[in-house]
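Me: I would like to learn how to read side-chain features from a set of coordinates. Please take me through one case.
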Amino acid sequence: MKIVVCVKQVPDTNDVKWSKENNIIREGLINIINPYDEYAIKTALDIKKISPDSEIILLSMGPNCAEDVLEYGLAMGADSAIHLCDKKFSGADTAATSKTLAAAIKNYIKDFDIIITGQFAIDGDTAQTGPSIACHLDLPVFTYVKKVLDIDDGEISVKYERENGIKVAKTCTPCVICMLKNTEEIKNPKIDDYIKAQQKEIKILNIDDIEMQTEEAGIKGSPTFVQKAFRPEITRMCKKINDNSIKEILSHIREENGKKEENKQQC
């Protein structure tokens, strides 16, 4: 079984600083592996426990520094990695990113059984890339997956989250799975793991290697762009209620509603 895990390097959101113009200051910003992608790798490793002959291939698109997250994933236990690195890939939105990743999977990796992505990327939070890859490759997709339960005879069953609760379903492979975080512990690789990872291959591919047209990739292939990043203004207020009785809570709600009505009449 061949498992492709898509990973992304993102800025550490705990370390983001803003300029006076409300733009992100990128100089000196610390980059990390997208936290949801760690669970994607962990899921692939769990599948390999069920099917020991499985091969785990990491796939990432980004500048030279994105190789750090691939090295981290290899140290976690992945078998090999592919780094899509070309100036023609830069400035891609989720549409161009998913098309590029799909092209690499279809035209270079070719023979695969499962594609796993993180449900979200913390720098964009769109949740579009995984489902878009599935769309480009015409594959079934599970989103908001908490856990892979079993793989047997070309079928995979998962536990996934929906608004009305947790559900279980199955589909045939090949397919795409988009992982949420879960309660399982992610163990940080040790020095020995990084030493072993140095013996594993990171293949660097450009746009020609994945048989993609320039106008489909990067900023040229992106129908959307970020015009401005800004700090949201927080207008909510919090009021502490010591007496946790229904009567007391309703009293405060009526009081706040009364103030709002007064303000409307004054306007």
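This is a predicted model: local features need pLDDT of at least 70, side-chain atom pairs count only at pLDDT 80 or more; totals for chains, interfaces and linings use all residues.

Me: What does the secondary structure of the chain come to?
Reply: The chain has six helices and 13 strands.

Me: How do I read a salt bridge inside a helix?
Reply: An α-helix has 3.6 residues a turn, so residues three or four places apart point the same way. In this model, the side chains of Lys42 and Asp46 meet in a salt bridge, at 3.1 Å from N to O. Lys42 and Asp46 are four residues apart in helix H1, so about one helical turn separates them.

Me: Is Lys42 buried or exposed?
Reply: Buried means under 20% relative accessible area, and partly exposed lies between that and 50%. Lys42 counts as buried because its relative accessibility is 17%. Asp46, with a relative accessible area of 23%, is partly exposed.

Me: Which residues are linked with Lys42 and Asp46 in a network of salt bridges?
Reply: The network links Lys42, Asp46, Lys49, Lys147 and Glu184. A search of the whole structure finds seven salt bridges.

Me: Where do Asp79 and Lys48 lie?
Reply: The side chains of Asp79 and Lys48 meet in a salt bridge of 2.9 Å, N to O. Asp79 lies in the loop between helix H2 (67–76) and strand E7 (80–84), and Lys48 is in helix H1, so this pair ties together parts that are 31 residues apart in sequence. Asp79 is partly exposed, at a relative accessible area of 28%.

Me: How many residues apart are Lys146 and Glu161?
Reply: Their side chains, those of Lys146 and Glu161, meet in a salt bridge of 4.0 Å, N to O. Lys146 is in strand E9 and Glu161 in strand E10 (residues 155–162), 15 residues apart, and the pair links distant parts of the chain. Lys146 is partly exposed at 23% relative accessibility, and Glu161 is partly exposed at 33%.

Me: Which numbers describe a pair of aromatic rings?
Reply: The distance of the centres and the angle of the planes describe such a pair. Rings pair if their centres lie within 6.5 Å, and planes over 60 degrees apart count as edge-to-face. The count in this model is three aromatic pairs. One of them joins Tyr36 and Phe120 edge-to-face, at 5.4 Å centre to centre with 65° between the planes.

Me: Where do Tyr36 and Phe120 lie?
Reply: Tyr36 lies in helix H1 (residues 35–50) and Phe120 in the loop between strand E8 (114–118) and helix H4 (129–137), so the pair ties together parts 84 residues apart in sequence. Tyr36 is buried, with a relative accessible area of 17%. Phe120 is buried too, at 17%.

Me: How is the pair of Phe120 and Tyr144 arranged, and where is Tyr144?
Reply: Phe120 and Tyr144 are edge-to-face, with 5.9 Å centre to centre and 75° between the planes. Phe120 is in the loop between E8 and H4 and Tyr144 is in strand E9 (residues 141–152), so the pair ties together parts 24 residues apart in sequence. Tyr144 counts as partly exposed, at 30% relative accessibility. Tyr36, Phe120 and Tyr144 form one aromatic cluster.

Me: What lies over the face of Tyr36?
Reply: Lys181 does, at 5.2 Å from the ring centre.

Me: How many residues of H2 are buried?
Reply: Seven of its ten residues are buried, and H2 is mostly covered. Among the buried residues of H2 are Val69, Leu70 and Tyr72. Just after H2, Gly77 takes a positive phi of about 140°.

Me: Which residues make the nonpolar surface patch?
Reply: Ile241, Ile246, Ile249, Leu250 and Ile253 make a patch of about 400 Å². Ile249 is in helix H6 (residues 246–266) and is partly exposed, with a relative accessible area of 31%.

Me: What do the totals for the chain say?
Reply: Buried residues make up 40% of the 267 residues. The chain exposes about 16,400 Å², of which carbon and sulfur atoms supply 49%. Among contacts between residues at least 6 apart in sequence, 70% join residues at least 24 apart.

Notes:
Residues are numbered from 1 along each chain as its sequence is written. Side-chain values use heavy atoms; hydrogens and water are left out. Rings of Phe, Tyr and Trp (its six-membered ring) pair if their centres lie within 6.5 Å; planes under 30 degrees apart count as stacked, over 60 as edge-to-face and the rest as tilted. Helices (H or I, at least four residues) and strands (E, at least two) are DSSP runs, numbered from the N terminus. Buried means under 20% relative accessible area, exposed over 50%, partly exposed in between (1.4 Å probe, protein chains only). A charge sits over a ring if NZ of Lys or CZ of Arg is within 6 Å of the ring centre and within 35 degrees of the ring normal. Contact means heavy atoms within 4.5 Å. Accessible areas come from the Shrake-Rupley method with a 1.4 Å probe; for residues, only the protein chains shown count as cover. Patches are made of residues with over 30% relative accessible area and no salt bridge: like charges are joined within 9 Å, nonpolar side chains (Val, Leu, Ile, Met, Phe, Trp, Tyr) within 5 Å.
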